[in-house]
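Here are a few notes to read alongside the model.

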Amino acid sequence: IAAGIPGGVSVSEAPPAQQQELEHVWLGSVRNGSREIAVMTAGRKKREETFDIDVHVEVSVPGNIDGGATAETRAFELYAAVENVLANDPSIGLGATEPTLRWTEVTWEGDLNVDAAQGGYRYSLLATITFSGRLV
């Protein structure tokens, strides 16, 4: 995912230990996972796996009276970059497992707050993406 995000934006697999970056994208927990195995067939069993992953995007705009709208717009721009990475690579980097990525549901919620530490605004976007893949 990091390769598709604009340069200078911090991308990680966990929230930052300290909030120093003005823009940050990270993956949250895998939730609501399930796996189905076709046991009534001979040979190697194919497995269908479905799971949800939270994607967090945070943008701070320090010391700007119009920072709320700016922070929200930028957060959705960064999230669109995440969606483009997934749309352009349905294998999501898993290669030999032949996964199929289906967008069963993408939901998000946003929250705009005054950022006292930065003296401006912080917009937090939480998107939940449902993945479905076939493992052979």
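1. Let's settle one word before we start: a residue is called buried when its relative accessible area is under 20%, and exposed when that value is over 50%. This is a predicted model, and in it buried residues make up 31% of the 136 residues.

2. Now trace the chain. Among contacts with a separation of 6 or more, 61% join residues 24 or more positions apart.

3. Have a look at helix 1 next. Its 22 residues should span 32 Å at 1.5 Å a residue, and the end C-alpha atoms are 31 Å apart, so the two values agree.

4. Which residues of helix 1 are buried? They are Gly67, Gly68, Ala71, Ala75, Leu78, Tyr79, Ala81, Val82 and Leu86. These cover an arc of only 150° around the axis, so they sit on the same side of helix 1.

5. On to the largest nonpolar core, which has 21 residues; Val25, Val57, Val59, Leu78, Tyr79 and Val82 touch the most other members. Strand 3 (47-62), helix 1 (67-88) and strand 5 (120-135) each supply at least two residues of this core, with the largest share, 7 residues, coming from helix 1.

6. Leaving out residues up to four places away in sequence, Val59 touches several others, including Leu22, Ala71, Ala75, Leu78 and Tyr121.

Key:
Residues are numbered from 1 along each chain as its sequence is written. This is a predicted model: local features need pLDDT of at least 70, side-chain atom pairs count only at pLDDT 80 or more; totals for chains, interfaces and linings use all residues. Side-chain values use heavy atoms; hydrogens and water are left out. Buried means under 20% relative accessible area, exposed over 50%, partly exposed in between (1.4 Å probe, protein chains only). Contact means heavy atoms within 4.5 Å. A nonpolar core is a set of buried Ala, Val, Leu, Ile, Met, Phe, Trp, Tyr and Cys residues joined through side-chain atoms within 4.5 Å. Helices (H or I, at least four residues) and strands (E, at least two) are DSSP runs, numbered from the N terminus. The expected span of a helix is 1.5 Å times one less than its number of residues. The arc is that of the directions from the helix axis to the C-beta atoms.
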